[in-house]
Amino acid sequence: QVQLVESGGGLVQAGGSLRLSCAASGSIVNINAMGWYRQAPGKQRDLVALISSSGNINYRDSVKGRFTISRDNAKNTVYLQMNSLKPEDTAVYLCAANVRTLMWTTNDYWGQGTQVTVSS
(Lines give C-alpha, C1' and ligand atoms only; values in the text may rest on other atoms or scores of the structure.)
Protein backbone atom coordinates (compact mmCIF):
# COMPACT_ATOMS: atom_id res chain seq x y z
CA GLN A 1 0.00 0.00 0.00
CA VAL A 2 1.18 3.50 -0.88
CA GLN A 3 0.02 6.77 0.63
CA LEU A 4 0.49 10.29 -0.70
CA VAL A 5 0.04 13.17 1.73
CA GLU A 6 -0.11 16.76 0.52
CA SER A 7 0.47 19.90 2.55
CA GLY A 8 0.93 23.62 1.99
CA GLY A 9 -2.40 24.79 0.62
CA GLY A 10 -4.24 27.79 1.95
CA LEU A 11 -5.66 31.23 1.25
CA VAL A 12 -3.48 33.83 -0.43
CA GLN A 13 -4.03 37.15 -2.17
CA ALA A 14 -3.51 37.50 -5.90
CA GLY A 15 0.16 37.92 -6.66
CA GLY A 16 1.18 35.87 -3.65
CA SER A 17 2.98 32.55 -3.37
CA LEU A 18 2.41 29.11 -1.93
CA ARG A 19 4.52 25.97 -1.82
CA LEU A 20 2.85 22.58 -1.93
CA SER A 21 4.52 19.37 -0.80
CA CYS A 22 3.53 15.78 -1.34
CA ALA A 23 5.26 12.92 0.45
CA ALA A 24 4.85 9.32 -0.63
CA SER A 25 5.23 6.46 1.81
CA GLY A 26 4.54 2.75 2.04
CA SER A 27 5.57 -0.25 -0.02
CA ILE A 28 7.66 1.67 -2.54
CA VAL A 29 10.40 0.22 -4.71
CA ASN A 30 10.73 3.28 -6.89
CA ILE A 31 8.63 6.17 -8.13
CA ASN A 32 8.41 6.99 -11.80
CA ALA A 33 6.59 10.20 -12.74
CA MET A 34 5.15 12.48 -10.07
CA GLY A 35 2.75 15.27 -10.79
CA TRP A 36 0.29 17.87 -9.61
CA TYR A 37 -3.28 18.16 -10.84
CA ARG A 38 -6.00 20.59 -9.92
CA GLN A 39 -9.77 20.54 -9.97
CA ALA A 40 -12.02 23.54 -9.54
CA PRO A 41 -15.71 23.12 -8.61
CA GLY A 42 -17.73 21.89 -11.57
CA LYS A 43 -14.67 21.49 -13.76
CA GLN A 44 -12.55 18.59 -14.91
CA ARG A 45 -9.30 17.60 -13.28
CA ASP A 46 -6.39 19.14 -15.16
CA LEU A 47 -2.69 18.36 -15.16
CA VAL A 48 -0.67 21.27 -13.77
CA ALA A 49 2.88 19.93 -13.86
CA LEU A 50 4.64 16.60 -14.27
CA ILE A 51 8.19 15.54 -13.46
CA SER A 52 9.76 12.25 -14.49
CA SER A 53 12.19 10.22 -12.43
CA SER A 54 15.02 11.62 -14.56
CA GLY A 55 13.84 15.21 -14.11
CA ASN A 56 12.01 15.89 -17.36
CA ILE A 57 9.29 18.44 -16.70
CA ASN A 58 6.07 19.51 -18.38
CA TYR A 59 3.73 22.35 -17.38
CA ARG A 60 0.30 23.37 -18.54
CA ASP A 61 0.57 26.59 -20.52
CA SER A 62 -1.31 28.76 -18.04
CA VAL A 63 1.24 28.17 -15.25
CA LYS A 64 4.48 28.33 -17.23
CA GLY A 65 6.82 30.93 -15.78
CA ARG A 66 4.88 31.06 -12.49
CA PHE A 67 4.94 27.51 -11.11
CA THR A 68 7.96 25.27 -10.53
CA ILE A 69 7.78 21.54 -9.89
CA SER A 70 10.65 19.70 -8.24
CA ARG A 71 11.24 16.43 -6.44
CA ASP A 72 13.50 14.95 -3.82
CA ASN A 73 13.90 11.29 -4.71
CA ALA A 74 15.59 10.46 -1.40
CA LYS A 75 12.48 11.69 0.42
CA ASN A 76 9.92 10.43 -2.14
CA THR A 77 8.57 13.96 -2.17
CA VAL A 78 7.37 16.28 -4.91
CA TYR A 79 6.96 20.04 -4.54
CA LEU A 80 5.08 22.74 -6.39
CA GLN A 81 6.25 26.30 -5.91
CA MET A 82 3.48 28.62 -7.04
CA ASN A 83 4.28 32.31 -7.58
CA SER A 84 2.26 35.21 -8.97
CA LEU A 85 -0.94 33.38 -8.09
CA LYS A 86 -4.15 34.39 -9.81
CA PRO A 87 -7.79 33.89 -8.76
CA GLU A 88 -8.17 31.40 -11.61
CA ASP A 89 -5.58 29.19 -9.89
CA THR A 90 -8.13 28.51 -7.15
CA ALA A 91 -8.78 24.76 -6.97
CA VAL A 92 -8.13 21.60 -5.03
CA TYR A 93 -4.59 20.52 -5.87
CA LEU A 94 -3.87 16.80 -5.90
CA CYS A 95 -0.57 15.04 -6.27
CA ALA A 96 -0.17 11.80 -8.12
CA ALA A 97 2.64 9.30 -8.48
CA ASN A 98 3.31 6.28 -10.62
CA VAL A 99 4.83 3.82 -8.17
CA ARG A 100 6.46 0.43 -8.43
CA THR A 101 5.57 -1.40 -5.23
CA LEU A 102 7.09 -4.20 -3.21
CA MET A 103 4.50 -6.47 -4.80
CA TRP A 104 6.19 -5.68 -8.14
CA THR A 105 3.12 -3.97 -9.50
CA THR A 106 3.14 -0.47 -10.95
CA ASN A 107 0.13 1.70 -10.17
CA ASP A 108 -0.98 5.31 -10.03
CA TYR A 109 -1.66 6.70 -6.57
CA TRP A 110 -3.36 9.93 -5.56
CA GLY A 111 -3.24 12.20 -2.56
CA GLN A 112 -6.35 13.48 -0.84
CA GLY A 113 -5.95 17.01 -2.18
CA THR A 114 -5.21 20.38 -0.65
CA GLN A 115 -7.28 23.52 -1.20
CA VAL A 116 -5.66 26.57 -2.75
CA THR A 117 -7.75 29.73 -2.74
CA VAL A 118 -6.53 32.94 -4.35
CA SER A 119 -8.47 36.09 -3.53
CA SER A 120 -8.60 39.07 -5.87
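Guide: A polar contact here is a pair of N or O atoms within 3.5 Å; within protein, one must be able to donate a hydrogen and the other to accept it, and residues adjacent in sequence count only if both atoms are side-chain atoms. This is a predicted model: local features need pLDDT of at least 70 and side-chain atom pairs 80 or more, while totals for chains, interfaces and linings use all residues. Residues are numbered from 1 along each chain as its sequence is written, and side-chain values use heavy atoms, leaving out hydrogens and water.

Visitor: OK, which backbone oxygen does threonine 77's side chain reach?

Guide: That of lysine 75, 2.9 Å from a polar atom of the threonine 77 side chain.

Visitor: And where is threonine 77 placed?

Guide: In strand S8, residues 77–82 (strands are DSSP E runs of at least two residues, numbered from the N terminus).

Visitor: Is threonine 77 buried or exposed?

Guide: Threonine 77 counts as buried because its relative accessibility is 7% (buried is under 20%, exposed over 50%, partly exposed in between, with a 1.4 Å probe and protein chains only). Beyond four places in sequence, threonine 77 touches Cys22, Ala23, Met34, Ser70, Arg71 and Asp72 (contact means heavy atoms within 4.5 Å).

Visitor: What about valine 78, what is it in contact with?

Guide: Leaving aside neighbours within four places, the partners of valine 78 include Leu20, Trp36, Ile51, Ile69 and Cys95. Val78 is also among the residues with the most contacts inside the largest nonpolar core, alongside others including Phe67 and Tyr93.

Visitor: How many residues does that core have?

Guide: 29, where a core is a set of buried Ala, Val, Leu, Ile, Met, Phe, Trp, Tyr and Cys residues joined through side-chain atoms within 4.5 Å. Strands supplying at least two residues each include S1 (2–7), S3 (18–26) and S8. The largest share, five residues, comes from S9.

Visitor: Switching topic: how many bridges join S4 to S5?

Guide: Five, and the two run antiparallel (strands pair if DSSP finds at least two bridges between them). Tyrosine 37 stands opposite leucine 47 in S5. The S4–S5 hairpin has six residues between the strands, and glycine 42 in the turn has a positive phi of about 75°.

Visitor: And S5 with S6?

Guide: Three bridges, also antiparallel, with isoleucine 51 opposite isoleucine 57 in S6. Five residues lie between the strands of that hairpin, where glycine 55 takes a positive phi near 100°.

Visitor: Last one: which ring does the charged end of arginine 19 sit over?

Guide: Tyrosine 79's, 4.1 Å from its centre. Likewise, arginine 45's charged end sits over the tryptophan 110 ring, 4.6 Å from its centre (NZ of Lys or CZ of Arg must be within 6 Å of the ring centre and within 35 degrees of the ring normal).

Methods: Helices (H or I, at least four residues) and strands (E, at least two) are DSSP runs, numbered from the N terminus.
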